[in-house]
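Dear colleague,

Please find below the structure that I am handing over to you.

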Amino acid sequence: MRSDMQRLQAVIFDLDGVITDTAHFHFLAWRELAHSLGLPFDEAFNERLKGIDRMGSLALILAQGHKRYSEPEQQLLAAQKNLHYQRLIETMTADHLLPGALEALVAVRAAGLKIGLASVSKNAAPVLDRLGIADRFDVVVDAARIQRSKPDPEIFLSAAQQLGVAPAACLGVEDAVAGVQAIQAAGMFALGVGDPAVLVQADEVIPGLQAFRLERYLGPPTALACCAPPEGAAPSA
């Protein structure tokens, strides 16, 4: 834990890639839309959309072509993609929770900490419902409730404010570069989930929530700074 952090009072999770993985559903929906417009779209391009909101993702896709779309046309295209995505996520159940996700939420609650969600998905609430974990979050902030998407810190600052916790007393958990940047800009401890070579700005990186050890972050910051990282974790360089 960084020496400038306060004693932990809340953990704010991202959704996609941390709690569950709807990336493939997004991929299928965006690919169908892109191909219907005669634009290329593959998994490599899909990686560029990680952590980007719907309209930002659409802008990147449309930028591959020469046609210019009006604002109403873009809204219609985004709605078309979202309708397809919503049909796909209707199949989700608790089985779609990523390894360690439920255990992490249980551990945070058992420690008496507050739990928030900061997701750029406007479908965060129905996804949580289908996963059976909606009642485990004190606050849910999604793209519909903010003006600026990640890497702007607004979504994490809004979650902290609604939780009634100072940003410096929050741990943010993210799998995307833009998300980690948002956590850092909010003045929170950034725990990355994924590849340390990619999430270089995170304070610490774990491969997944199955490696999440809450006790690592509960003690006084000065004490935690000297501790070895938990098994599977990679401290930032």
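Predicted model: local features only at pLDDT ≥ 70, side-chain atom pairs only at ≥ 80, totals over all residues.

Residues are numbered from 1 along each chain as its sequence is written, and side-chain values use heavy atoms, with hydrogens and water left out.

Strands

Helices (H or I, at least four residues) and strands (E, at least two) are DSSP runs, numbered from the N terminus. Two strands are taken to pair if DSSP finds at least two bridges between them. Strand 1 (residues 10-13) runs parallel to strand 2, with 4 bridges joining them. Another 4 bridges join strand 1 to strand 4, and these two are parallel as well. F13 stands opposite L117 in strand 2, and its bridge partner in strand 4 is V173. Strand 1 is covered on both faces, with A10 and I12 buried on one side and V11 and F13 buried on the other; buried means under 20% relative accessible area, exposed over 50%, and partly exposed in between (1.4 Å probe, protein chains only).

Strand 2 (residues 114-118) is largely enclosed by the rest of the structure, because 4 of its 5 residues are buried. Strand 2 is also joined by 3 bridges to strand 3 (residues 139-141), in parallel, and A118 has V141 as its bridge partner there.

Cores

A nonpolar core is a set of buried Ala, Val, Leu, Ile, Met, Phe, Trp, Tyr and Cys residues joined through side-chain atoms within 4.5 Å. The largest one has 38 residues, and those with the most contacts inside it are V11, F13, I19, L171, V173, L209 and F212. Among the elements that give two or more residues to this core are strand 1, helix 1, strand 2 and strand 4. Apart from it lies another core, of 23 residues, including A118, V141, V165 and M188.

Helix 1

The buried residues of helix 1 (23-36) are F25, H26, F27, A29, W30, L33 and A34. These residues pack against helix 2 (43-47), helix 3 (54-62) and helix 4, where contact means heavy atoms within 4.5 Å. G38, which follows helix 1, has a positive phi near 75°.

Salt bridges

A salt bridge is a side-chain nitrogen of Lys or Arg within 4 Å of a carboxyl oxygen of Asp or Glu. A search of the whole structure finds 7 of them. One of these pairs K150 with D14, with the closest N and O atoms 3.2 Å apart. K150 lies in the loop between strand 3 and helix 7 and D14 in the loop between strand 1 and helix 1, so the pair ties together parts that are 136 residues apart in sequence. Both K150 and D14 are buried, and D14, K150 and E174 are linked in a network of salt bridges. K150 is also joined to P151 by a cis peptide bond, with omega about 15°.

R109 and D138 meet in another salt bridge (3.2 Å, N to O). R109 is partly exposed, at 35% relative accessible area, and D138 is partly exposed at 41%.

With kind regards
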